Amino acid sequence: MFLTATLGTLFLLGVLPSAASERQGHISVVLLGATGDLAKKYLWQGFFQLYLDEVSNGHTFTFYGGAQAELEQGQKLMFDRLKRLTCPSDVSPDRCAMLKDQFLRLTQYRQLKTAEGYATLNKEIATLLSQEDLEEAGRIFYFSVPPFAYAEIARHINSSCRPRPGAWLRVVLEKPFGHNLKSAQALADELKTFFWEEEMYRVDHYLGKQAVAHILPFRDQNRRYLDPIWNRHHVERVEIVLKETVDVKNRTSFYEEYGVIRDVHQNHLTEALMFLTMELPANVSSSKDILQSKLRTFQSLRDLEKSRAVIGQYEGYNNHVKEELQKGPDYFSRTPTFAGVLINLDSLRWEGVPFILTSGKVLDERVGYARVLFKNQAFCTQNETAWDRESSQCKRKQIIFYIGHGELNSPAVLVSRNLFKPIMPEGSWKEVVDRPWLHLFGQPLSDYYTYVPVKERDPYAVLISRIYHGKKDSFITTENLLASWEFWSPLLDSLSGEAPRLYPGGPQNKHLLDFEMAGGEVSFVVKEALEVMQAKDQQTPDQYKTLQSRFRQNQLVTAWPEELISRLASDMEAAAASAVERSGQFHLALSGGSSPLALFRQLAVHHYGFPWKHTHLWLVDERCVPLTDPESNFRNLHDHLIHQVRVPYYNIHPMPVHLNRRLCVEDDKGPELYANEIAALVTNGSFDLVLLGVGMDGHTASLFPHSLVGLEGSPDVVFTESPAKPHQRMTLSLPFINKAKRVSVLVMGRSKHDIVTLVSRVGHEPKKWPISGVNPSSGHIAWYVDYEALFG
């Protein structure tokens, strides 16, 4: 057999243990997709590095390259690559030549196309083990193939090519791991029918980047310095950035399906975010403890909405798509090639700290880093020229995990000298003191303690080593994968119809992609001019505005959405100020649904004069779900308004839909409780302002057409049934709404055009269209309708 001579030669050369009893077992490595690009660029070199590192540590190896090509063609393609394998600079040429020769002798090509091919491979491994009197330690199958091929290959391995009982199996999977939560779940369900969770290693090669891989060890080794400052009281913000100068030409098929957020944010940048924000377990060498802590951190991420992201697309992208995918001349892709996303965590450590995740193609430089910026809380009376770099607390303080490229062109860890001198592992990291001309983030390199790896290693070589050692914390578990998709999928869905900002690329981008944060939202700093093109014989919305200022004989305010929301928020603030001046308090009842969310954000971010201290917040209606449920109107009110403004907690009045651990049970008398609470606090039960919306069927609050309750008479608060899930609701009755001093009705979106047109024409018919019954006795009702809802 080919292995006998190889092992004998290695014993003589002193790269294997001297006695067979010291061997730890035999490992078979199978690289599927052995002739593909990833294998050629990284994986064969990574497995050769594994061999260099481990060949003298007790295990024996054989390597198999598997692909669908015929034997002769596959062998040629694979060995053409293997002949170009290289050794690190610290390996002597003679030793390198010898080890490379042995690696080639231990490597074979196999056509793995059918179940029979895997069964044959299994027999060959068993025969080899028997003839060489080797004990099997385990098998590694590396899937360097498209995800659509996973299931079939998994079936063949599970049925025909598992190792003997007692030996381990490690199956390595490359991203993408699904397109969204649903597809990731389907793929995970399929794979778990063939493999145990502990057998699967999902690769994110960024976890093999030396700077990223060192985040947790750095935090652990420097706990003494970091524990007091690694929190919201001291951290100003965190930036996680991956910028590239290349375009996606020849990759547009992949990019059209995935885009930059799926390609980079959902995996690479999110993994770095987890390492920075997770609570450190007591034992950072425990993969189980690290993975559990990551999962808890995913659960603390605040929901992502469209307002927390900005997206762009380089100008040449659309032409690349048309050329490569044969799209017509009128085709326009909405796929983003740039995205900036603002993330916040609901945790005691990180509450209020902005985490900015940014990535894009065709930008001004190629660089990656995770940068923690600390607050400058000192005031220095001396002139800036006298600030000492190591002791002045007024100089910028930051810790940077420099992933690579850029000015440094190397992985690095940098700590501002006015923070602390970090503890770094000797032998693997060295301090840089010889580049005084370099500046990073506006400061000379001399302002930092700077460390770079003693030996740079390719990420795939790092991860292949960790696969060999069974270190699961460097890989993506099924639980963490689904948690990540659950977090990112809502944002991806909300952005699917958005047109990205076009940018020219490279230095010409200038400030076009700069974005700013305000009130938990992000927006581009440089605003784009918006032109609305219409036929000459069409009237513009501005012309309509001059013709039409009444709706159902009441005040009408109409504008584009942003202007409309701004006007409504200003009117609400004026009403609040007037009520507080008159009676010392302002009672505001708010409807649920999606339309008010933009209003809530507007109030939180731009209306600092709003008298929140004297405002009582009530709900017009509520779904019969727990108040923490994403479907809850109160949950939306809390997430988008309450937690950002200073409303006294005793002025907040959620509807009691969840009593005695039950939801909306008549015997619990929730409506009666709410009516009594209103009666006790609101003079004459007359709210100062009630905000309503309109459903496409004409419902308002949770009063639906042909409802048996709530449209007339008493009681003031009732249970109703919705045609949509969740069916049970609690709502103010129509007569009670009409007792309000002022009512505002907000209607937005083209989907509401038909009902707006209908309601403009009908009379008082609340049983058919409940919104038509809104007619407060005060006579003060205003309709806020955007142009799309009004004009279609």
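How many salt bridges does the structure hold? The model, which is predicted, holds 35 salt bridges. Three of these pairs are described below, together with the accessibility of their residues and their places in the chain.

- The side chains of Glu-239 and Arg-371 form a salt bridge, with an N to O distance of 3.1 Å.

**A pair joining two loops**

- Glu-498 and Lys-306 meet through their side chains in a salt bridge of 3.2 Å, N to O.
- This pair links distant parts of the chain, 192 residues apart: Glu-498 sits in the loop between α15 (478–495) and β18 (501–503), while Lys-306 sits in the loop between α12 (287–299) and β8 (309–314).
- Glu-498 is partly exposed, at a relative accessible area of 30%, and Lys-306 also counts as partly exposed, at 39% relative accessibility.

- A salt bridge connects the side chains of Asp-189 and Lys-192, at 3.6 Å from N to O.
- Asp-189 has a relative accessible area of 31% and is partly exposed.
- Lys-192 has a relative accessible area of 56%, so Lys-192 is exposed, the cut-off for exposed being over 50%.

Technical notes: Residues are numbered from 1 along each chain as its sequence is written. This is a predicted model: local features need pLDDT of at least 70, side-chain atom pairs count only at pLDDT 80 or more; totals for chains, interfaces and linings use all residues. Side-chain values use heavy atoms; hydrogens and water are left out. A salt bridge is a side-chain nitrogen of Lys or Arg within 4 Å of a carboxyl oxygen of Asp or Glu. Buried means under 20% relative accessible area, exposed over 50%, partly exposed in between (1.4 Å probe, protein chains only). Helices (H or I, at least four residues) and strands (E, at least two) are DSSP runs, numbered from the N terminus.
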